[in-house]
Structure formats: structure tokens, C-alpha cells
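Let's take a friendly walk through some aromatic rings and their neighbours. Have the sequence and the 3D view open as you read.

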Amino acid sequence: MAERKVRVRFAPSPTGPLHIGGVRTALYNYLFAKQHGGDFIFRIEDTDSTRFVPGAEDYIIESFKWLGIKFDEGVSFGGNHGPYRQSERRDIYRKYVKVLLDADKAYIAFDTPEELDAKRAEIENFQYDAQTRGMMRNSLTMSKEDVDALIAAGTPYVVRFKIEPGRDVVVNDIIRGEVTINSSILDDKVLYKSADDLPTYHLANIVDDHLMEVTHVIRGEEWLPSAPLHVLLYEAFGWADTMPRFAHLALLLKPIGNGKLSKRDGDKLGFPVFPLEWHDPKSGAISSGYREKGYLPEAVINFLALLGWNPGNDQELMSLDEMVQLFDLSKCSKNGAKFDYVKAAWFNHQYLLKQEDAEWAPAFDKVLKAEGIEATAEQEAEVVRMMKLKVIEYVDGLGNKKKRNISFASDLWPLTKFFFVAPTEFDREDKFIKKNWKETTADEMRQMLSVIEGIADFTVEGQKAVIDPWAEQTGIKPWNAWRVALVGAGQGPDMYELAAFLGKDEVIKRMTFAIETLG
């Protein structure tokens with residue numbers, strides 16, 4: 001048999017926002033497809049009409065646009081295997097339900113919810129299977145005439161898959177190896193519901209994967225228990241030769257404690273679990289998103305890629321193209337990956353440093369506007385230029401080496417506030433101020449103020465040409481006291497650059513205030 005072109009799919013349900021775990025699943029599918037020159041399909045699984053949430057589908061599409069994960073075909077992308085939305089494929093599913101019924105691989109069941117509840121109360125650990133189906137109201141226990149009459153009368157029914165017990169079903173998983181499950185523990189899953197004329201996930205998933213020529217199914221480990229059922233369905237349809245290879249990804253785990261990562265963990269520890277901010281149309285609740293928190297999409301992608309996959313080297317920072325080259329499903333972990341939100345911020349920090357200064361401007365502009373500051377693009381770019389160099393490490397006024405935790409553009413505000421807002425008070429207990437503003441400082445600053453008032457060219461070079469000789473001649477070392485006056489703390493860029501940015505009038509105003517206040 002000729003080797004088929006690799007085709008994978010990501011098929012979310014529009015039941016709410018896209019979880020970050022779903023993003024990782026989509027990313028791994030994308031990396032695998034691109035590495036093998038294959039296609040990446042976007043399918044919407046909306047067979048459960050009761051759980052549909054307005055806006056969820058658009059949210060999912062917008063999330064992937066922001067992340068830079070591109071689909072080759074599917075909902076909103078076009079292609080030759082559509083429609084790609086399951087609710088638009090009813091006629092297709094009906095045909096394949098009939099195929100199974102005609103081949104005696106499935107049967108019709110009329111049991112009401114009340115009847116099923118009664119049976120569960122009667123039989124401990126009840127499941128609808130080869131042992132119990134003979135006790136129930138279905139086409140295996142009823143005459144054809146009775147079945148036809150109930151259907152004609154509009155009685156709700158479901159179609160169940162007829163699983164024969166006692167067989168070892170083997171699933172060859174790329175990540176987990178050979179997984180064997182005996183069919184006796186499987187129940188006769190519902191494949192179709194007459195009430196909404198739609199199949200369940202199990203049937204729609206198999207039919208769509210086959211007709212869309214999917215070669216590999218890469219999904220979360222929560223779907224591993226359903227894999228044997230899907231193997232049996234492929235065989236029941238006579239499609240065993242084109243069955244896709246399975247790869248079940250380990251779960252994303254809570255940062256603290258045991259269990260699967262949830263929104264509650266994010267709310268408690270202060271990190272998002274959704275790519276974009278989500279506004280719940282029912283409750284009105286707003287959930288935070290990575291985009292709105294200031295994360296860069298490249299950082300989110302890089303972080304997620306390494307949650308459960310090891311490229312086989314020590315490289316941590318990788319472009320999407322580099323990930324495509326290195327990705328290997330067999331190197332994905334079988335064990336869950338702890339969601340290290342601190343590491344996520346570290347990745348964002350690294351990608352911020354890689355950005356050109358001008359690329360910081362839009363995010364920094366939002367920060368300033370949130371603080372009521374109106375600045376020109378030139379001013380914003382100049383502040384970023386001065387402060388970005390000091391992002392990783394700096395020496396404070398006491399000679400101590402320190403690191404700044406700038407992971408987001410919003411982290412710049414406390415470190416750049418003095419560019420736009422003059423000090424209004426001084427903390428006399430601050431170590432930097434106590435060390436650098438002494439009894440003689442006010443007099444020295446008055447002398448410096450007279451020098452500054454006489455500077456005509458207030459550029460960095462113009463200031464240096466006047467102040468440096470004055471400082472050398474008088475023996476005064478004004479730099480730290482000058483920083484106190486202009487900044488109010490032991491932080492900031494080169495003093496000449498800061499003064500040039502503020503302008504002569506603002507410098508004089510701040511120095512005068514400091515002299516009067518600190519004395």
C-alpha cells in the first residue's frame with residue numbers, strides 16, 4: 001500500500017473558551033503535520049447541541065490567529081473534505097448509522113432515562129453491554145414490528161454499538177506503545193440520538209476522520225479509554241486498513257498538588273488558563289487571557305511546546321520553525337507535565353528581550369494610557385531604549401547587584417513612572433536617599449542648579465560638556481543626589497539621558513522641589 005500523506009486534525013467543541021491544554025494539543029498536531037509535509041485540519045465537533053455556547057467558535061479561531069498556528073483546511077479555511085462543522089453533516093452520519101444497523105453491528109434502544117436509572121439502582125456498577133442488553137427495551141429484545149411502530153410514532157431512541165465480549169483489543173500508540181483492553185469491560189456506547197438527529201462524538205469522530213483521510217490522531221490522554229472502541233468501529237465499517245495511528249498526550253497538571261490543570265488553579269495563583277480573555281455570555285464573568293496579560297504569542301507557544309516534549313537537547317528558546325524541525329512524538333512524555341506558570345513568565349521575559357524597541361511600543365502605550373499618561377511614540381520608544389538595557393541586571397545606588405523581574409510590558413511602569421511623573425514626596429528612611437542626601441547636599445544641588453540654568457544645549461553631550469568640568473573643578477560628585485532629586489529613588493538610566501528626556505525646565509522644577517523638601 002502506498003504511503004499516505006500525513007493529515008491531522010484539531011477538533012474542539014464550541015462549549016466555551018479554549019483551554020491552554022487544548023492549545024498544546026493543537027500545537028503538537030501542527031508541528032507533526034508541518035514536519036511531515038502534511039495537512040492540518042480544523043474541525044468543529046458540535047454534536048452536543050445542549051452545550052453550545054455562542055461566540056465560542058469565533059473565540060477559538062481568533063485564539064489560533066493570535067498564536068500564529070495556521071490551519072490548511074477546515075471551518076473558515078475551506079478545503080475539499082467539508083463541511084467541517086459536524087452539525088452540517090447529518091446526512092452523512094445517517095448513512096453510516098444505517099450501515100452499522102444493516103450489518104448487525106449496532107441496534108436501536110428505546111430505554112428512557114427513568115428506566116436506565118432504575119436499572120442502575122437495581123444492578124451495582126450497571127453498564128449497557130452484552131450481559132445486560134437482553135434485559136432492556138431494544139431491537140435485540142423486541143420484534144421488528146414493535147420497533148418500526150415505535151419509530152413511526154416518533155418515540156425517541158438511540159443507536160448503540162454492539163460490542164462482542166471476550167476479545168483483546170490492541171491499540172498501538174506512538175507515545176505509550178501497545179495498549180491492550182478486553183472488550184468485555186466496554187459498554188455498548190450510544191452512537192446516535194434521534195432526539196436531535198445527531199451522532200455522538202464516537203461515531204462522528206470515526207466517520208469524519210475516515211472521510212477526511214486523517215492519518216494520525218494526536219489527542220489528550222483522557223481519550224485513551226475510548227481508543228479501543230474506535231478501533232472496533234473502524235473494523236465494523238471495514239476501514240481497518242486506513243485506521244489512523246494514535247498518540248495520546250499526557251495531561252497538563254496543577255502547579256501545586258495533584259490532578260489536572262483547571263481554571264480554579266489559575267484564579268488562585270494568578271495566571272490565565274485561556275489564550276484570550278473570555279467573556280461568558282451567560283454569567284457575564286470575565287476570565288483572563290494570555291494575550292491581555294501581556295504575553296507574547298511566541299513565548300506562549302515555546303513554553304507549551306516543552307510541557308510534555310523534550311527536543312533531545314538543552315535548547316529552550318525555539319522558533320516555530322525550529323520546533324517543526326526538532327519535534328518527535330516518540331519523545332513526548334507518558335507522564336503528566338506540571339504547569340510551571342513561573343517558567344511561562346520567564347519565557348515571556350526572554351522573548352521581550354529579543355524584541356526590537358519599536359515592538360514594545362504598542363504594549364507600553366497601553367500601560368501608559370491605563371495610568372492616564374499621554375506620551376508621544378518617540379517618548380515611549382526612548383524610555384524603552386533606556387530601560388530595556390537594564391532589564392536583566394543592574395547595580396543599585398548602594399552597589400548591590402539586583403535583577404528586575406520584567407516579564408511583561410506592564411512591569412515597566414514602576415520602573416519608568418519617574419519619566420512621566422515627578423516625585424511628590426521622598427522617603428527619608430529609604431537607604432539610597434539616606435546615603436546620598438546629606439547636610440551639604442542641598443547646597444551642592446543649588447550650585448548644580450545654577451550650572452544647569454546656564455546650559456543652552458541640553459542634549460546629553462551638551463550637559464556633559466558643562467557639568468563634567470564643573471564637577472571636576474569643585475570636587476562635587478552630584479550623580480546620586482541628582483538621581484534622588486529627579487527620580488526619588490535609586491533607579492533609572494544614565495542621568496544625562498534622563499535629564500535630556502525630561503528637558504531643562506522639568507529638571508529645574510524637580511531639583512528645586514527636592515531642595516525645598518529635603519533641605
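Below we look at ring pairs, then charges over rings, and then one histidine.

**Aromatic pairs**

Please keep in mind that this is a predicted model. Searching the whole structure turns up 34 aromatic pairs. Take F303 and F339 as an example: their ring centres are 5.2 Å apart and their planes stand at 80 degrees, over the 60 degrees required, so this pair counts as edge-to-face. F303 belongs to helix 10 (residues 297–305), while F339 is in the loop between strand 15 (337–338) and helix 12 (341–354), so the pair ties together parts 36 residues apart in sequence. Both F303 and F339 are buried.

Elsewhere, ring pairs join F10, Y30, F40, F42, F64, F71 and F77 into a cluster.

**Charges over rings**

Which rings have a charged side chain over them? Two cases are listed here.

| Charged residue | Ring | Distance from ring centre |
|---|---|---|
| R160 | Y128 | 3.8 Å |
| K343 | W346 | 4.1 Å |

In the second case, the charged end of K343 is what sits over the W346 ring.

**A look at H202**

Is H202 buried or exposed? Its relative accessible area is 13%, under the 20% cut-off, so H202 is buried. H202 is part of helix 6 (residues 201–211). Its side chain makes a polar contact with the side chain of H230, at 3.3 Å. Leaving aside residues up to four places away in sequence, H202 touches K189, V190, L191, S226, L229, H230 and L233.

Terms used. Residues are numbered from 1 along each chain as its sequence is written. This is a predicted model: local features need pLDDT of at least 70, side-chain atom pairs count only at pLDDT 80 or more; totals for chains, interfaces and linings use all residues. Side-chain values use heavy atoms; hydrogens and water are left out. Rings of Phe, Tyr and Trp (its six-membered ring) pair if their centres lie within 6.5 Å; planes under 30 degrees apart count as stacked, over 60 as edge-to-face and the rest as tilted. Helices (H or I, at least four residues) and strands (E, at least two) are DSSP runs, numbered from the N terminus. Buried means under 20% relative accessible area, exposed over 50%, partly exposed in between (1.4 Å probe, protein chains only). A charge sits over a ring if NZ of Lys or CZ of Arg is within 6 Å of the ring centre and within 35 degrees of the ring normal. A polar contact is a pair of N or O atoms within 3.5 Å; within protein, one must be able to donate a hydrogen and the other to accept it, and residues adjacent in sequence count only if both atoms are side-chain atoms. Contact means heavy atoms within 4.5 Å.
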